[in-house]
Amino acid sequence: MVEVLVIALVAVLCVGALYVASGARVIRQYERGVVLRLGRLRDDVRLPGFTMVVPGVDRLRKVNMQIVTMPVPAQDGITRDNVTVRVDAVIYFKVVDPSSAVIAVEDYRFAVSQMAQTSLRSIIGKSDLDDLLSNREKLNEGLEVMIDSPAVSWGVQIDRVEIKDVSLPETMKRSMARQAEADRERRARVINADAELQASKKLAQAAGEMSEQPAALQLRLLQTIVAVAAEKNSTLVLPFPVELLRFLERAQQQPAVEGAGTGRTGRQPSVNGATAQPPSSSGNGSPFPEAEAPLPETRTSEEPAAPSAPTPPAVPSSAEQPFAHH
């Protein structure tokens, strides 16, 4: 009889130990425990550590309190300026109320994901393409507010929302590249024109300074020659003043004008009683004659001059013209 009682007592103790062991729970530091007793929510939230529940009566739900990083799938949308884009994002959130996360929503992760996708489509339709590309901070804030409003009742707090990438069509990329290239070209031309304006002002000031000292222009010429010679090349660039070319041109035109003037007056004054013929000039106004003019026949004072018909000058033969040019 005693042996039966001892065996029964040992059996009860074993069953009790197993019952207690089945009700033991361990909650991690980053978790919180929500207990449902016979389907009803217990007010107390179990803290990290060792805790006990009633087996078969209580049901413990562990809720992760860490920040969850959830990628939002890429969404296709049309911006306000009618450009088709594909935008994806990432959302950071955490649970702040474990009881609401278990009771208020069936699956808070799925709910937050769907809310992020719909909000992302909505923000794409309300924004321009330039805002999506350059003003992402403002769009992130608006997207965070749109997701956080319903998530508060779920016991979830949206920590941060970031737009990751904006995919554009190839035609739009080429158009934007051409626009950026044209803008860079415009800026380069404006800068070049501004530089030319400043350089012209400085050159005008330098010319004014050099006009006061004529030797300064010669020194500048020598400096230019030294700078070019330092290149160690076979080509030597020598600046030539334009004023000197104009002086030579005027000197070349002056003899031509004088020759034309003598041709209009007829014969030249006589030398020793002989009349000199003007030298023949070429078609280009050059003072060089094509052939030396023959000397006219001289007459003395003893021979009377015929007043009616003057004697024509004798034409010398070719032997008497040693300096004739053909």
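Colleague: Which residues have the most contacts inside the largest nonpolar core?

Modeller: A nonpolar core is a set of buried Ala, Val, Leu, Ile, Met, Phe, Trp, Tyr and Cys residues joined through side-chain atoms within 4.5 Å. Buried means under 20% relative accessible area, with a 1.4 Å probe and protein chains only. In this predicted model, the largest such core has 35 residues, and Val85, Ile91, Phe93, Tyr108, Leu120, Val156 and Ile158 have the most contacts inside it.

Colleague: Which helix gives the most to this core?

Modeller: Helices (H or I, at least four residues) and strands (E, at least two) are DSSP runs, numbered from the N terminus. At least two core residues come from each of several elements, among them strand 7 (84-95), helix 3 (108-125) and strand 8 (156-167). Helix 3 gives the most, with seven residues.

Colleague: What is Val156 in contact with, beyond its neighbours within four places in sequence?

Modeller: Contact means heavy atoms within 4.5 Å. By that criterion, Val156 meets Phe93, Lys94, Val95, Val96, Tyr108, Val112, Asp148 and Ala151.

Colleague: Is Thr79 buried or exposed?

Modeller: Thr79 counts as buried because its relative accessibility is 3%. Thr79 lies in the loop between strand 6 and strand 7. Not counting residues up to four places away in sequence, Thr79 touches Val85, Ile124, Gly125, Ser127, Asp128, Leu129 and Leu132.

Colleague: Which side chain does a polar contact join to that of Thr79?

Modeller: A polar contact is a pair of N or O atoms within 3.5 Å; within protein, one must be able to donate a hydrogen and the other to accept it, and residues adjacent in sequence count only if both atoms are side-chain atoms. Here the partner is Asp81, at 2.4 Å.

Colleague: How many bridges join strand 2 to strand 3?

Modeller: Two strands pair if DSSP finds at least two bridges between them. Strand 2 (residues 31-37) and strand 3 (residues 40-46) run antiparallel and are joined by four bridges. Arg37 has Arg40 as its bridge partner. The hairpin leaves two residues between the strands, and Leu38 in the turn has a positive phi of about 55°.

Colleague: Where is pLDDT under 50?

Modeller: pLDDT is the predictor's confidence in each residue, from 0 to 100. The value stays under 50 over residues 264-326. Where pLDDT is low, the predicted coordinates should not be read in detail. The chain mean is 77.

Colleague: Which conventions apply?

Modeller: Residues are numbered from 1 along each chain as its sequence is written, and side-chain values use heavy atoms, leaving out hydrogens and water. Local features need pLDDT of at least 70, and side-chain atom pairs count only at pLDDT 80 or more, whereas totals for chains, interfaces and linings use all residues.

Methods
Buried < 20%, exposed > 50% of the residue type's maximum accessible area, 1.4 Å probe, protein only.
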